[in-house]
Structure formats: structure tokens, C-alpha cells
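Hi,

Here is the structure I promised to pass on. Have a look at it first, and then read my notes on the helices below.

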Amino acid sequence: ARKLGRPTEFTQLGSLDAEVVHARLVLYRASENVPSRLTVVQGLLISYLTSVLNATPHCAALARTVLQRLDGGEALIVALDRRDYASLDPSDAALATYVEKLTLRPGEMNQDDIAALRGHGFDDLEILDANNQCAHLNYTNRVANGLGLLTEAAMEERTRDRVPSGD
């Protein structure tokens with residue numbers, strides 16, 4: 001159990017099928033532990049923005065709580081809530097634009113979206129990491145919303161030790 005992290009309300013919600021819970025946790029660990037150079041803040045940007053765009057308060061609360069503890073985190077939250085990407089660092093603005101499009105209009109994604117990230121210094125592994133984090137969060141948000149988890153995460157769930165370790 002220590003290797004998988006504490007069971008959250010989200011995990012418990014889908015616990016009628018142990019294989020599904022296990023597969024979700026394995027995918028979660030993989031998508032959160034890609035060895036790219038995305039910063040912690042960029043990972044939280046992806047998590048928070050994806051969850052806000054999907055109107056998933058449970059998942060948004062998890063990322064928001066961590067962001068609030070970081071220098072500049074409150075300003076990032078405000079910018080993302082307003083979709084004011086122009087106020088962000090150019091590379092973070094490009095990342096936010098990519099996340100928004102992948103979340104809201106995935107069928108419109110094309111090579112120009114990847115080229116825009118490359119134009120802001122993202123390499124292939126960072127793009128893969130951003131894509132996988134966003135795609136996984138879109139899946140997670142849909143599961144949460146679809147099973148009725150429409151409240152913010154409990155305070156005791158808002159820690160990083162809920163992420164399964166790679167050990």
C-alpha cells in the first residue's frame with residue numbers, strides 16, 4: 001500500500017474493480033514520473049488548467065493547494081482562471097495554450113501545436129510528458145465527473161504523497 005500511496009476519495013470511488021484501480025494507479029505513476037525537464041510549476045499548470053477547463057473541482061483543488069505554496073503560485077492561478085496566458089512567461093503561455101486546445105478541442109490538434117511548443121524550447125520528451133499529463137488528467141477528470149465526484153478534494157488528500165512512488 002505504501003508503494004501505491006494513500007487511497008483518495010477518487011480511488012475509493014472506482015474501487016468496485018480492483019484491476020481498474022490498479023491500472024489507474026500505474027498509469028498515474030507513469031504519467032507523473034516522466035524524466036523530462038518540465039518544471040514542477042509546469043506540471044502543476046497542466047494539472048490545474050486541465051481540471052479547471054473540465055470543471056472538475058476535486059482535481060483542481062489538489063493542484064491549486066500545491067501551487068498556493070509556491071512563489072508566484074497565486075498569480076499563476078489567477079492567470080489560468082482568467083485564461084490570461086499573455087501574462088505568463090512565454091514558454092508557460094505556450095504550454096497553457098497547448099493544454100487548453102488538447103482539453104477542449106482535441107480533434108483540432110495538429111503539427112503546428114507541437115511546433116509552437118518546440119518554438120518555445122520544449123524538446124520531444126517534454127512535449128510527450130506534457131501531452132501524457134494532460135491526456136491522463138482529461139481521463140481522470142472525466143472519471144471523477146462521470147461518477148459524481150463534483151466537490152473539492154478533502155484537505156488530507158491535498159498532498160503529494162498521494163502520487164504513487166516509482167519504487
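A residue counts as buried here when its relative accessible area is under 20%, and as exposed when that is over 50%. Keep in mind that this is a predicted model.

With that cut-off, start with helix α6, residues 90-104. Of its 15 residues, 12 are buried, so α6 is largely enclosed by the rest of the structure. The buried set is S91, D92, A93, A94, L95, A96, Y98, V99, E100, K101, L102 and T103. What do they pack against? Their partners are α3 (40-53), α5, α7 (111-119) and α8 (124-146).

Leaving out neighbours within four places in sequence, A94 is in contact with A116, L117 and H120. I114 is 20 residues away from A94 along the chain, with 9.9 Å between the two C-alpha atoms.

The other one is E100, also part of α6. Is this charged residue buried or exposed? At 14% relative accessibility, E100 counts as buried. Not counting residues up to four places away in sequence, E100 touches L49, L53, R83, Y85 and R105.

Next, helix α2, residues 18-32. From first to last C-alpha, α2 reaches 21 Å over 15 residues, close to the 21 Å expected at 1.5 Å a residue. Its buried residues are V21, R24, L25, Y28 and S31. They cover an arc of only 135 degrees around the axis, which puts them on the same side of α2. The background is simple: an α-helix has 3.6 residues a turn, so residues three or four places apart point the same way. On the face turned away from the buried side, α2 carries the exposed residues A18 and E19.

Last, a helix pair. The axes of α4 (residues 57-68) and α5 (residues 73-82) come within 7 Å and cross at roughly 140 degrees. α4 and α5 are therefore oblique to each other. On the α4 side the contact is made by R64, L67 and Q68, and on the α5 side by G73, E74, L76 and I77. By type, the residues of this contact divide into three nonpolar, two polar and two charged.

Cheers

Methods:
Residues are numbered from 1 along each chain as its sequence is written. This is a predicted model: local features need pLDDT of at least 70, side-chain atom pairs count only at pLDDT 80 or more; totals for chains, interfaces and linings use all residues. Side-chain values use heavy atoms; hydrogens and water are left out. Axes are lines fitted to C-alpha atoms, for helices over the stretch in contact, and angles run from 0 to 180 degrees between N-to-C directions. Helices (H or I, at least four residues) and strands (E, at least two) are DSSP runs, numbered from the N terminus. Angles under 35 degrees count as roughly parallel, over 145 as roughly antiparallel, 65 to 115 as roughly perpendicular and the rest as oblique. Contact means heavy atoms within 4.5 Å. Ala, Val, Leu, Ile, Met, Phe, Trp, Tyr, Cys and Pro count as nonpolar, Asp, Glu, Lys and Arg as charged, and the others, Gly among them, as polar. Buried means under 20% relative accessible area, exposed over 50%, partly exposed in between (1.4 Å probe, protein chains only). The expected span of a helix is 1.5 Å times one less than its number of residues. The arc is that of the directions from the helix axis to the C-beta atoms.
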